[in-house]
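Hello,

I am handing over a structure for you to look at. The sequence and coordinates come first, and my notes are below them.

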Amino acid sequence: PLLDWFIQMNVGSNTLSGPSFDPTKNPLSSSIFINGNMARALLASARISGNATQLREGLRWCDTFASQQQHITTASGLEAGYWGVGYPVLGPGMFQLLLPSQMLK
């Protein structure tokens with residue numbers, strides 16, 4: 001049931017959404033860490049169970065994650081990449097911290 005919920009929450013898009021869950025009210029709905037862990041659980045379960053739906057959704061998150069890479073040039077002129085963490089920024093280097101009860105409102 002939990003992994004089915006991950007799929008229903010559209011984890012493969014890296015923006016959780018679903019019935020009674022509004023991503024605009026949850027600043028962590030696009031967290032690469034939370035969603036990555038959900039995708040990892042789907043991939044591990046698919047490996048054990050052979051569940052193709054779990055495999056597809058876990059791999060879809062991987063594809064989405066790879067597509068979100070930002071490209072930069074390092075100080076030494078090399079090409080590099082990074083990802084935003086998916087946390088809302090309140091100011092330079094500051095992130096909004098929420099209690100778990102605030103995340104579900």
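The model is predicted, so local features need pLDDT of at least 70 and side-chain atom pairs count only at pLDDT 80 or more, while totals for chains, interfaces and linings use all residues. Residues are numbered from 1 along each chain as its sequence is written, and side-chain values use heavy atoms, with hydrogens and water left out. Helices (H or I, at least four residues) and strands (E, at least two) are DSSP runs numbered from the N terminus.

The 18 residues of α2 should span 26 Å at 1.5 Å a residue, and the end C-alpha atoms are 25 Å apart, which agrees; the expected span is 1.5 Å times one less than the number of residues. Within α2, the buried residues are I32, N35, G36, M38, A39, L42, S45 and A46. Buried means under 20% relative accessible area, exposed over 50%, and partly exposed in between (1.4 Å probe, protein chains only). The cover over these buried α2 residues includes α1 and α3 (52-67). Just after α2, G50 has a positive phi of about 80°.

The largest nonpolar core has 10 residues: L3, F6, M9, V11, L16, F21, M38, A39, L42 and W61. Both α1 (2-8) and α2 (32-49) supply at least two residues of this core, and α2 gives the most, with 3 residues. A nonpolar core here is a set of buried Ala, Val, Leu, Ile, Met, Phe, Trp, Tyr and Cys residues joined through side-chain atoms within 4.5 Å. Not counting residues up to four places away in sequence, A39 touches V11, G58 and W61, where contact means heavy atoms within 4.5 Å.

N14

N14 lies in the loop between α1 and α2 and counts as buried because its relative accessibility is 3%. The N14 side chain reaches the backbone oxygen of S30 at 3.4 Å. Leaving out residues up to four places away in sequence, N14 touches S29, S30, S31, I32, N35, W61, T64 and Q68.

Aromatic cluster

There are 3 aromatic pairs in the structure. One of them is W61 with F65, stacked at 5.0 Å centre to centre and 15° between the planes. Rings of Phe, Tyr and Trp (its six-membered ring) pair if their centres lie within 6.5 Å; planes under 30 degrees apart count as stacked, over 60 as edge-to-face and the rest as tilted. W61 and F65 are 4 residues apart in helix α3, so about one helical turn separates them. W61 is buried at 9% relative accessible area, whereas F65 is partly exposed at 22%. The F65 and W83 rings are also stacked, because their centres are 4.5 Å apart and their planes at 10°. This pair links distant parts of the chain, with F65 in helix α3 and W83 in the loop between β2 and β3 (89-91), 18 residues apart. W83 is partly exposed, at 30% relative accessibility. W61, F65 and W83 form one aromatic cluster.

Hairpin

Strands β1 (residues 70-73) and β2 run antiparallel and are joined by 4 bridges; two strands pair if DSSP finds at least two bridges between them. H71 stands opposite G81 in β2. The hairpin has 5 residues between the strands, and G77 takes a positive phi near 90° there. A80 lies in β2 (residues 79-82) and is partly exposed, at 24% relative accessibility. Beyond its neighbours within four places in sequence, A80 contacts Q70, H71, I72 and T74.

Regards

Key: A polar contact is a pair of N or O atoms within 3.5 Å; within protein, one must be able to donate a hydrogen and the other to accept it, and residues adjacent in sequence count only if both atoms are side-chain atoms.
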